[in-house]
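Reader: I'm new to reading protein models. Could you walk me through this one, step by step?

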Amino acid sequence: MMTTKEIKEIIALVKDSNLSELKIRKKDFEIAIKTDKYQKIQGIQATSVAMPAPMVSAPVPAAATPAAVTKEDTVEDENPTAGLLEVKSPIVGTFYRSSSPDKDAFVKVGDSINVGSVVCIVEAMKLFNEIESEVAGKIVKVMIEDSSPVEYDQVLFLVDPKG
Amino acid sequence: MFKKILIANRGEIALRVIRTCKEMGIKTVAVYSTADKESLHVRFADEAVCIGPPSSTESYLSVSKIMAAVEITNADAIHPGYGFLAENSDFAEVCTEYGIKFIGPSPAMIRKMGDKITAKETMVAAGVPVIPGSEGLVKSVKAGIAISGDMGYPIIIKATAGGGGKGMRIVWKEEDFEDNWDKAKQESKASFGNDGVYIEKYIEEPRHIEFQILGDQYGKVIHMSERDCSIQRRHQKLLEECPSPFLTKKLRTEMGKAAVLAGECINYEGVGTVEFLVDKYKKFYFMEMNTRIQVEHPVTEEVMDLDLIKEQIKVAAGEKITSGNYLPSGHAIECRINAEDPYNNFRPSPGNIQSFHSPKGHGIRVDTHVYAGYKIPPYYDSMIAKIICRARNREDCIKKMQRALDEFILEGVKTTIPFHSQLMKNEEFKSGNFNTGFINDFVLE
């Protein structure tokens with residue numbers, strides 16, 4: 001049986017490697033990890049976008065904790081976020097850092113943003129929604145990996161209002 | 001068979017669907033508003049996606065948010081539960097467009113049965129008895145009197161824009177017609193700004209008896225007998241039971257046939273409920289059809305060894321119905337427990353559930369999404385639990401329900417448990433001789 005810590009370590013390993021898929025099977029336990037880092041993202045006008053999300057399926061017995069999509073693999077350890085503001089997703093969909101794969105990200109760590117600045121795209125049902133920030137300050141952290149699914153109220157960026 | 005089902009609902013029905021999916025080896029996705037973060041359906045689903053703020057319009061009723069959740073989780077089917085989008089043909093249409101199976105009937109079937117006038121016309125064409133009435137609006141007193149004379153009194157004048165009992169007048173004889181006509185139209189104009197009225201035969205001492213049906217994708221429709229839902233308050237069901245204490249074998253056969261006919265004539269797919277009114281002469285009339293799984297479905301399950309959610313999923317996946325109609329064995333009663341204060345006009349009572357012990361034991365089933373420490377959100381309906389008892393006969397079932405209600409401990413909010421306790425001791429209820437007017441004479445001590 002793997003502990004949550006061990007699973008997190010494996011996920012980190014896969015993320016940092018060139019692997020796109022890893023399967024481990026033990027006597028009574030199986031884990032499969034897939035990433036889409038090598039799938040191309042089509043342009044904005046295209047009708048089909050590669051289905052996103054590093055998928056973690058771990059059929060762990062005993063207490064069933066719902067694997068809320070995206071939470072485990074991309075969020076780094078919680079820093080003290082005192083005084084930092086959050087930019088949260090107002091909709092459900094797929095998070096993109098830039099308006100197309102060949103363009104630069106809307107914002108990077110260290111950039112200053114204002115209220116109304118477009119910080120990212122969240123795509124749902126082929127509609128690409130530009131997400132505008134409701135806060136102003138300096139981007140301190142990007143909380144979500146590019147092309148990951150996000151849910152309502154999920155924190156996308158941490159912003160230092162004093163920056 | 002589906003690999004992953006997203007349940008577009010909350011509360012006890014979401015949990016209910018998740019349970020059956022687990023048994024069938026199907027993965028589940030729960031969607032939830034921020035108010036439902038600690039809800040059981042979120043805990044027990046394999047995956048959960050937060051789709052919006054507490055308001056239903058921005059969460060459980062939001063087609064775009066739910067479809068976005070389907071996209072990011074790769075679900076291949078949606079179970080809409082009851083309420084919310086369950087009978088929304090636009091939503092069913094969107095699912096079809098996106099290649100996601102909507103577990104239920106097609107958008108066309110939903111539309112056909114959703115419009116009362118179209119539904120009635122469809123039934124008439126199929127030969128199912130309907131409540132006799134005027135064809136559309138009645139334009140003058142003269143026309144009204146003529147129609148009423150043909151139908152036979154008593155009749156009821158109803159506002160076409162009406163609801164909540166307003167703009168309605170019962171007329172017992174021709175001499176009273178004109179006066180009631182004027183009053184109905186006046187009230188209708190004042191309440192809805194529209195004084196259009198139509199006329200229906202007034203069903204005396206009506207009983208609300210509905211038939212459960214199931215249709216597959218190949219045209220086969222079967223019925224699973226009836227549920228008597230006559231105990232209602234302001235058109236909200238409080239208690240349901242199967243079999244109905246009022247039906248005879250003959251009536252069950254006739255009504256069952258009519259219910260199956262209703263399903264067959266629209267090629268119905270999925271679970272559905274055909275609602276009838278039965279008058280004191282044991283004549284039955286089609287009232288309306290619900291194209292979804294109903295709150296009270298466990299009552300049918302308990303007297304039939306059936307899992308209706310499983311049957312629903314099976315036909316949606318293209319399986320054929322191989323059985324005939326189902327008849328009840330034994331007796332089952334369901335009491336809907338709401339977080340309402342029965343001593344204060346059933347005012348909603350949201351809040352924190354401090355202690356919780358649900359009744360258990362032989363013949364007791366409790367479908368609920370609440371637990372000790374759960375905070376009942378004020379944004380949604382007030383039903384918090386369903387107690388379903390089954391026993392060999394109605395008398396034993398009532399005794400069991402009484403025991404179950406006594407055993408139920410729920411502290412921190414007001415509930416309708418005291419109401420149901422008194423109901424179980426009521427002589428009229430125990431005699432099985434009641435109709436939809438029962439509640440009007442019931443006084444809570």
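This is a predicted model: local features need pLDDT of at least 70, side-chain atom pairs count only at pLDDT 80 or more; totals for chains, interfaces and linings use all residues.

Reader: Which residue in β2(A) is the bridge partner of A:Lys23?
Author: A hairpin of two residues links β1(A) to β2(A). Across the pair, A:Lys23 has its bridge partner in β2(A), and that partner is A:Ala32.

Reader: How many of the six residues of β1(A) are buried?
Author: To be buried, a residue needs 20 or more other C-beta atoms within 10 Å of its own. Strand β1(A) is hardly covered, and its count of buried residues is zero.

Reader: Now over to chain B: why is helix α3(B) described as largely enclosed?
Author: Helix α3 of chain B spans residues 63-73. Its buried residues include B:Ile66, B:Met67 and B:Val70. The helix is largely enclosed by the rest of the structure because the buried residues number nine of the 11.

Reader: Which residue takes a positive phi just after α3(B)?
Author: Look just past the end of α3(B). There, with a phi of about 65°, sits B:Asn74.

Reader: Back to chain A as a whole: what percentage of its residues are buried?
Author: Chain A has two helices and 11 strands. The chain holds 163 residues, and the buried share of them is 28%.

Definitions and conventions. Residues are numbered from 1 along each chain as its sequence is written. Chains are lettered from A and ligands numbered from 1 in the order in which they are written. A residue is buried if 20 or more other C-beta atoms lie within 10 Å of its own, exposed if 12 or fewer, and partly exposed in between; C-beta atoms are placed from the backbone. Helices (H or I, at least four residues) and strands (E, at least two) are DSSP runs, numbered from the N terminus. Two strands pair if DSSP finds at least two bridges between them.
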